[in-house]
Amino acid sequence: MPDAGDISFWESPVYRDLAEELLRMSRRRTNVFPGARLETSAFGILWTLSDGRARTLRELGEELDLEQSTVNRQVNAAIKHGYLERFEVSGQLSRLIRPTALGIEAFEHDGMLRAERLVRVFSDLTPGAPDALLHELRSFNDAYDRTIARQHHQEHAAR
């Protein structure tokens, strides 16, 4: 296996350096915010539910790109802490999940902590601009999603 620093492993040095920066970003997902009330997984679930639409476990798993067992474990932990609740809808087999008042309050609290940190980071972002970063990250994520979708399509077609 080639060394990660070996240029023959990568299309270009820029690709290698981008991969390194993406790895740095992924390690920050589990960053603890001093004073935070929510675990990272609960914050992610509440972020998904912040549009006001309740979801089934399956829908949450799809939107968060998590295995069913993982999302089930995370939702159950958030329910245990009082951040989420399950409820039944007449005529629907699966129960839906929505935030509780405590969950909304904790999400807003932790959201402010995250927003304050980003404001500090963006004020130190020189050279650079948040809107340019947003544009490039959105373009990257869209291209990534298209690539994964094509790969899944090719894998299913080969079966």
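Select arginine 16 and aspartate 17, whose side chains meet in a salt bridge at 3.3 Å, N to O; a salt bridge here is a side-chain nitrogen of Lys or Arg within 4 Å of a carboxyl oxygen of Asp or Glu. Arginine 16 is partly exposed at 22% relative accessibility, and aspartate 17 is partly exposed as well, with 38%, where buried means under 20% relative accessible area, exposed over 50%, and partly exposed in between (1.4 Å probe, protein chains only). Bear in mind that this is a predicted model, in which local features need pLDDT of at least 70 and side-chain atom pairs count only at pLDDT 80 or more, while totals for chains, interfaces and linings use all residues. Residues are numbered from 1 along each chain as its sequence is written, and side-chain values use heavy atoms, with hydrogens and water left out.

Next, select glutamate 21 and arginine 24, which form a salt bridge of 2.8 Å, N to O. They are 3 residues apart in helix H1 and therefore separated by about one helical turn; helices (H or I, at least four residues) and strands (E, at least two) are DSSP runs, numbered from the N terminus. Glutamate 21 is partly exposed at 37%, as is arginine 24 at 35%.

For a charged network, select Asp51, Arg53, Arg55, Glu59 and Glu63, which salt bridges link together. Within this selection, arginine 53 and glutamate 59 have their closest N and O atoms 3.8 Å apart; arginine 53 has a relative accessible area of 40% and glutamate 59 one of 28%. The count of salt bridges comes to 8.

Now turn to the rings and select Phe43, Trp47 and Phe107, a cluster linked by ring pairs. Rings of Phe, Tyr and Trp (its six-membered ring) pair if their centres lie within 6.5 Å, and planes under 30 degrees apart count as stacked, over 60 as edge-to-face and the rest as tilted. By this rule there are 4 aromatic pairs. One of them is the tilted pair of phenylalanine 43 and tryptophan 47, with 6.0 Å centre to centre and 45° between the planes. Is each of these two residues buried or exposed? Phenylalanine 43 is buried, at 5%, whereas tryptophan 47 is exposed, at 55%. Tryptophan 47 also pairs edge-to-face with phenylalanine 107, at 6.2 Å centre to centre and 75° between the planes. This pair links distant parts of the chain, with tryptophan 47 in helix H2 and phenylalanine 107 in helix H5, 60 residues apart.

Stay with H5 and select residues 101–123, a helix of 23 residues that reaches 33 Å from its first C-alpha to its last, close to the 33 Å expected at 1.5 Å a residue (1.5 Å times one less than the number of residues). Its buried residues are Gly103, Ala106, Phe107, Asp110 and Leu113, and their cover includes helix H2 (40–49), where contact means heavy atoms within 4.5 Å.

Finally, show the surface and select Leu22, Met25, Leu133, Leu137, Phe140 and Tyr144, which make a nonpolar patch of about 530 Å². Such patches consist of residues with over 30% relative accessible area and no salt bridge, with like charges joined within 9 Å and nonpolar side chains (Val, Leu, Ile, Met, Phe, Trp, Tyr) within 5 Å; the areas come from the Shrake-Rupley method with a 1.4 Å probe, and for residues only the protein chains shown count as cover. Helix H6 gives the most to this patch, with 4 residues. Tyrosine 144 lies in H6 and is partly exposed, at 47%.
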